[in-house]
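User: I am new to this structure. Please walk me through a few of its helices and strands.

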Amino acid sequence: MSNLPRTWRVAYIGAGSIVKYAHIPNFSALPNVENVAICDVNEARAQALAAEMKTSAVYADYRKMLAEVQPDITVVATPNVYHREMSIAVLEAGSHVLCEKPLAPTYAEAAEMFDAARAAGRVLTVGSHMRFNDNTQIARRQADAGFFGKIYASRSTWHRRSGIPGFGGWFTNRALATGGVLLDLGVHALDRALYIMDYPTPITVSGAVFAELGSRGRGMGGWGMDSLQPVPVEQRRFDVDDMAWAFVRFDTGAVLMLQVAWAANFPDFWTTELFGTEGGALIDERNKVEFYATVNGADAVIQVPPPAVPALSYAVLVKNLVRHLEGDPTAEIVTPSQALISVQIVDAIARSAQTGREVDVLS
């Protein structure tokens, strides 16, 4: 413990990716953390975030920032294509890494990143923060207490009626994003279910992806555009998926259905459904949790009221990361094995969609 810094110095790479979000990985609310630098290729964007996050050090070159500032923790919140390269560079520079989701588009890249973390003796984790929502935490505690018995099936969804982010920005550009909704909403919906199920080992994956609305300029959301550097209309592109469905089998015999969409001719919905031998549950987007069981031979529905002040999931994640680095064994973060399973499934969904065949993830 004597080697731990008294104040954790945090730097951010990719201001453009986080400046527009309500839930940004901002450590400054913690008493023992100082934001020390912001890096982005767009200086105006970096300056805007630096003012908001109370730091004057702004860089356009992340390697120069790492060398001069030497942060203890670095947030990598760039377009997805840079996650592997930048995270490995940060780890080799001696900093712990919080990488925005998706960690990587392929299992091979994610494994390389964790190999680098082990070699550097540093922590690498990913910003799958929605597991820290109150409703997901309630369901996980019930799973740990045995309420569900054996969870043998789950369905996790996140559908938007019209919510494709940043048309013409990096979200819809495969060269920068490496994928669409599967790597955006899909990662969150997948983690919610796997987290409650205690991350069983996937065996086979079958998936399909679509781009039926975004490719025609439909379903665009009102967020994610860069007001400081808008993309001209003639340069806007959409070459990623806007809907993804998948079916996953696990070594426990359990199965999972995943349904996500940035845009669809269907109402918005956001749910995780759990089916167990002793009980079930429904979690929905209104922070509602319902549990289902048989009590004295009769069907019972248990409704859990939402908290008066819901937890901010990203705030919990960053607080847990600092506590974890300080040696608190109760501070939960996304572990390497969990992150690798998630990437393994997403990677297999993409390969299954491309080939039109089920993928054996163990082969």
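User: Which strands are included in what covers the buried residues of α9?
Analyst: This is a predicted model. In α9, the buried residues are S313, Y314, L317, V318, N320, L321, V322 and L325. What covers them includes β1 (8–13), β2 (33–39), β4 (73–76), β5 (96–99) and β6 (124–126).

User: How far apart are the end C-alpha atoms of helix α9?
Analyst: Helix α9 covers residues 313–325, which is 13 residues. At 1.5 Å a residue, the helix should span 18 Å. The model agrees, with its end C-alpha atoms 19 Å apart.

User: Which residue with a positive phi follows α9?
Analyst: The phi in question is near 95 degrees. The residue that follows α9 with this positive value is G327.

User: Is α6 roughly parallel or roughly antiparallel to α8?
Analyst: The axes of α6 (residues 134–144) and α8 (residues 181–196) come within 9 Å. They cross at roughly 25 degrees. Angles under 35 degrees count as roughly parallel. That makes α6, relative to α8, roughly parallel.

User: Which residues of α8 make the contact with α6?
Analyst: On the α6 side, the contact is made by T136, Q137, A139, R140 and A143. By class, the contact has four nonpolar, two polar and two charged residues. From α8 come R192, Y195 and I196.

User: Which residue is the bridge partner of V248 in β10?
Analyst: Strand β9 (residues 243–250) runs antiparallel to β10, and seven bridges join them. In β10, six of the seven residues are buried. The partner of V248 there is L256.

Definitions and conventions:
Residues are numbered from 1 along each chain as its sequence is written. This is a predicted model: local features need pLDDT of at least 70, side-chain atom pairs count only at pLDDT 80 or more; totals for chains, interfaces and linings use all residues. Side-chain values use heavy atoms; hydrogens and water are left out. Axes are lines fitted to C-alpha atoms, for helices over the stretch in contact, and angles run from 0 to 180 degrees between N-to-C directions. Helices (H or I, at least four residues) and strands (E, at least two) are DSSP runs, numbered from the N terminus. Angles under 35 degrees count as roughly parallel, over 145 as roughly antiparallel, 65 to 115 as roughly perpendicular and the rest as oblique. Contact means heavy atoms within 4.5 Å. Ala, Val, Leu, Ile, Met, Phe, Trp, Tyr, Cys and Pro count as nonpolar, Asp, Glu, Lys and Arg as charged, and the others, Gly among them, as polar. The expected span of a helix is 1.5 Å times one less than its number of residues. Buried means under 20% relative accessible area, exposed over 50%, partly exposed in between (1.4 Å probe, protein chains only). Two strands pair if DSSP finds at least two bridges between them.
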